[in-house]
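Thanks for coming. I have one structure to go through today, so let me put it on the screen.

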Amino acid sequence: MKSLVFCGCFCVFVLGAAQLFAEQEPKQVTRCNVTGQWRSEQGSMLQLTSTGPEVRGIYHTAVETALGASGHNRESKVVGVVGHGLQPAVAFSVLWAKGSCSSWVGQCFLLPGGGQVLKTLWMLRSVVESSLDNWESTRLGEDQFIFVGHMEGRDGH
Ligand SMILES: *[C@@H]1O[C@H](CO)[C@@H](O)[C@H](O)[C@H]1NC(C)=O
């Protein structure tokens, strides 16, 4: 009888503990955090810092439409916005040295293995001579950025 009572108490204790852990779990779910270093499939490096809904950073491009179009070190400032939630939407833009500009819009996703990825579509506007050349002014594509780390330093060079 004693052991039955003990077992009953023990089981209630175990169930109680399990319940406690189950309730704490939601707090440990990580949010897709855009702050840090990202690398595109082409090897471009994106460094972002988010402050509330604002995003700032540096884009170091691995590709350019013409030699020098993105400046002597192929780097430019990033300004953008990021949404709420576990996997927020994000949009950011870059103005290049020779006057062209790019915008990306996408979403930050948590990967099953623990990493995170930014899946985006982009448009690049090149400055053309006149409205007659407007038809050839814009490129569009897809970029996927893999999260490299939360380090502050730049390693895109
Ligand atoms: C995102 O990560 C940065 C750098 O590790 C950290 O300082 C910041 O608090 C994180 N933001 C959120 C919303 O978790």
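I will go from the overall fold to the barrel strands, then the core, and end at the ligand.

Keep in mind that this is a predicted model. The chain contains 1 helix and 8 strands. Of the 157 residues, 18% are buried. Among contacts with a separation of 6 or more, 39% are between residues 24 or more positions apart.

How are the strands arranged? They make a closed barrel of 8 strands, in the order E1-E2-E3-E4-E5-E6-E7-E8, and the pairing is antiparallel. On average, neighbouring strands of this sheet are turned by 30° against each other, direction ignored.

As a reminder, pairing between strands of a sheet goes through backbone hydrogen bonds, and it can be parallel or antiparallel.

E5 covers residues 89-95 and E6 covers residues 101-110; the two are antiparallel, with 7 bridges. One of the pairs here is leucine 95 with cysteine 101 in E6.

Moving on, E6 is joined by 10 bridges to E7, residues 116-125, again antiparallel. Within that pairing, glycine 106 sits opposite threonine 120 of E7. E6 and E7 form a hairpin, and 5 residues lie between them. Which residue in that turn has a positive phi? That is glycine 114, at about 110°.

E7 then pairs with E8 in the antiparallel sense, over 9 bridges. Leucine 118 faces phenylalanine 145 of E8 across this pairing.

Leucine 118 comes up again in the core. The largest nonpolar core has 16 residues, and those touching the most other members are Val34, Trp38, Leu46, Val90 and Leu118. At least two residues of this core come from each of E2 (45-51), E5, E6 and E8 (138-149).

What does tryptophan 38 touch, leaving aside residues up to four places away in sequence? Its contacts are Leu46, Leu48, Leu118, Phe145, Ile146, Phe147 and Val148.

Last, the ligand. Around the ligand are Arg31, Asn33, Thr35 and His150. By class, that shell has 3 polar residues, 1 charged residue and no nonpolar ones.

How values were computed. Residues numbered from 1 in each chain as written. Predicted model: local features only at pLDDT ≥ 70, side-chain atom pairs only at ≥ 80, totals over all residues. Helix = DSSP H or I, 4+ residues; strand = E, 2+ residues; numbered from the N terminus. Buried ≥ 20, exposed ≤ 12 C-beta atoms within 10 Å, placed from the backbone. Contact = placed C-beta atoms within 7 Å. Near = placed C-beta within 6 Å. Nonpolar A, V, L, I, M, F, W, Y, C, P; charged D, E, K, R; others polar. Pairing = 2+ DSSP bridges. Axes fitted to C-alpha atoms, helices over the stretch in contact; angles between N-to-C directions. Core = buried A, V, L, I, M, F, W, Y, C linked by C-beta atoms within 7 Å.
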